[in-house]
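Visitor: I have the sequence and the model open side by side. Could we walk through a few spots together?

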Amino acid sequence: MSTVLRQPIAIAKAFSPGHITGVVRKGSLHVSRHILSQGSEGSGFSIDRGVTTTVSIFDDCDSSYQISINGRFAEDAEVSQLVLQQYQRFIERPYYIKIEHDLEIPIGFGLGSSGAAALSLSYALNKSLNLGLRAEQAAQIAHCAEIMCRTGLGSVIAEYTGGLETRTCAGAPGIGTISKVELKGYRVIILCMAPIYTKSVLCDNFEFRSERHENNLLNNLKAPVDIQEFVKMSYDFVSNMGLTEGRCKGPIGSLRSQGFDSSVALFGDTIFTIVPEDLVHKVEQCLAGFSGQLVTCGIDNIGARVL
């Protein structure tokens with residue numbers, strides 16, 4: 001369909017923050033369990049960079065769609081396609097649906113890009129199609145898509161909530177148990193060095209290596225914690241998994257030499273630290289000599305929303 005001379009009958013835009021997980025326990029993923037109850041327990045925080053998705057609806061004689069990521073056609077956007085499929089069940093007439101994802105975060109570095117794309121898309125589809133689903137219901141559709149595609153386990157409920165969150169019972173928004181602490185006056189400095197795609201990590205090897213260390217950490221995280229305690233707990237967890245070696249060892253050591261605690265995002269060769277705003281420049285100087293993409297951003301305490 002040519003949309004050059006045609007105007008959309010509806011447009012909606014939504015934003016989902018990115019997210020960094022610092023401690024995780026893989027939830028049960030048995031086939032017999034309902035998909036809304038699948039996921040993970042753990043703790044992390046949402047960042048104010050993420051994914052903004054615009055959905056434009058056009059009248060058409062046939063049902064079709066197009067998905068783009070940062071202006072480029074995305075033929076293999078598996079999670080977005082699955083979210084759209086769930087919404088097509090509600091559509092009773094043919095539409096051409098144009099989906100535009102604008103990513104402010106790199107893909108594959110443990111910053112929750114898949115969950116953010118799914119969540120922002122679900123919100124934008126719900127709004128543009130005027131379906132009237134509650135935010136929780138729209139978020140559940142995104143959660144199911146990410147679980148089915150194995151691109152994440154707990155990103156959607158975390159990005160739906162915002163802040164420094166602790167997930168003590170696995171599941172989608174409205175099903176899982178989650179608490180959060182709002183963080184103000186802090187900045188996040190992230191060094192993205194090499195991608196690790198989540199789908200390749202969600203395997204038996206991950207369960208075996210992390211199972212021995214996670215229980216005490218997650219029990220401690222059930223009570224609200226401050227950000228320094230969270231970063232230290234995260235470092236303890238990822239170091240026991242062997243993730244602080246290799247590429248990550250140098251940046252972590254450089255930060256530690258200047259008194260900054262840091263950890264590794266799950267999952268990616270990605271270092272992060274969280275500091276008061278007046279210390280950002282000093283942290284950036286510590287990481288300036290290492291290769292990778294340096295991202296400085298804030299905490300998102302709100303969670304995903306329609307714009």
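Visitor: Let's start with His281: is it buried or exposed?

Guide: His281 is exposed, because its relative accessible area is 52% and the cut-off for that class is over 50%. Please keep in mind throughout that this is a predicted model.

Visitor: What is the packing angle between H8 and H9?

Guide: Helix H8, residues 249–257, packs against helix H9, residues 280–287, at an angle of about 140 degrees, and the two axes are 9 Å apart. That angle makes H8 oblique to H9, and H8 passes H9 in a right-handed crossing.

Visitor: Which residues meet there?

Guide: From H8 there are Pro251, Ser254 and Leu255, and these meet Val283, Cys286 and Leu287 in H9.

Visitor: Which strands does H8 lie across?

Guide: H8 lies across E8, E9 and E10, and runs at about 15 degrees to E10. As for the sheet itself, four strands form an open sheet in the order E9-E10-E8-E11, and their pairing is antiparallel. Strand E9 (263–264) and strand E11 (293–298) stand at the edges with a single partner strand each, so one side of each has no neighbour in the sheet.

Visitor: And how many bridges join E8 to E10?

Guide: Eight bridges join strand E8, residues 186–194, to strand E10, residues 269–276, and the two run antiparallel. If you want a pair to look for on screen, Leu191 stands opposite Ile271 in E10.

Visitor: Switching to the other helices, how do H1 and H2 pack?

Guide: Helix H1, residues 78–88, packs with H2 at an angle of about 25 degrees, their axes being 9 Å apart. The two helices are therefore roughly parallel to each other, and their crossing is right-handed. On the H1 side the contact is made by Val79, Ser80, Val83, Leu84 and Tyr87, and on the H2 side by Ser114, Ala118, Leu121, Ser122, Leu125 and Asn126. Those residues divide into seven nonpolar, four polar and no charged.

Visitor: What about Thr52, buried or exposed?

Guide: Thr52 is buried, because its relative accessible area of 16% falls under the 20% cut-off. This residue is found in strand E2. Leaving aside residues up to four places away in sequence, Thr52 touches Lys13, Ala14, Phe15, Glu100, His101, Asp102 and Leu307.

Visitor: Which way do E2 and E5 run, parallel or antiparallel?

Guide: E2 and strand E5, residues 95–103, run antiparallel and are joined by nine bridges; Asp59, for example, stands opposite Tyr95 in E5. E3 and E5, on the other hand, run parallel and are joined by six bridges, and there the bridge partner of Ile69 is His101 in E5.

Visitor: How many bridges do E2 and E6 have?

Guide: Strand E2, residues 40–59, and strand E6, residues 164–169, pair in the antiparallel sense over four bridges, and Phe45 stands opposite Leu164 in E6. E6 also pairs with strand E7, residues 177–181, in the antiparallel sense, over five bridges, and the bridge partner of Glu165 in E7 is Lys180.

Visitor: Last topic, backbone angles: what is phi at Asn70?

Guide: Phi of Asn70 is positive, at about 50 degrees, although this residue is not a glycine. For context, most residues other than glycine have a negative phi. Asn70 is found in the loop between strand E3 (64–69) and strand E4 (72–73), and at 45% relative accessibility it counts as partly exposed.

Visitor: And what is phi at Asn130?

Guide: Asn130 also has a positive value, near 55 degrees, in a residue other than glycine. Asn130 lies in the loop between helix H2 (113–128) and helix H3 (135–149), and with a relative accessible area of 68% it is exposed.

Terms used
Residues numbered from 1 in each chain as written. Predicted model: local features only at pLDDT ≥ 70, side-chain atom pairs only at ≥ 80, totals over all residues. Heavy atoms only, no water. Axes fitted to C-alpha atoms, helices over the stretch in contact; angles between N-to-C directions. Parallel < 35°, antiparallel > 145°, perpendicular 65-115°, else oblique. Left-handed = near helix turned anticlockwise from the far one by under 90°. Contact = heavy atoms within 4.5 Å. Buried < 20%, exposed > 50% of the residue type's maximum accessible area, 1.4 Å probe, protein only. Pairing = 2+ DSSP bridges. Nonpolar A, V, L, I, M, F, W, Y, C, P; charged D, E, K, R; others polar.
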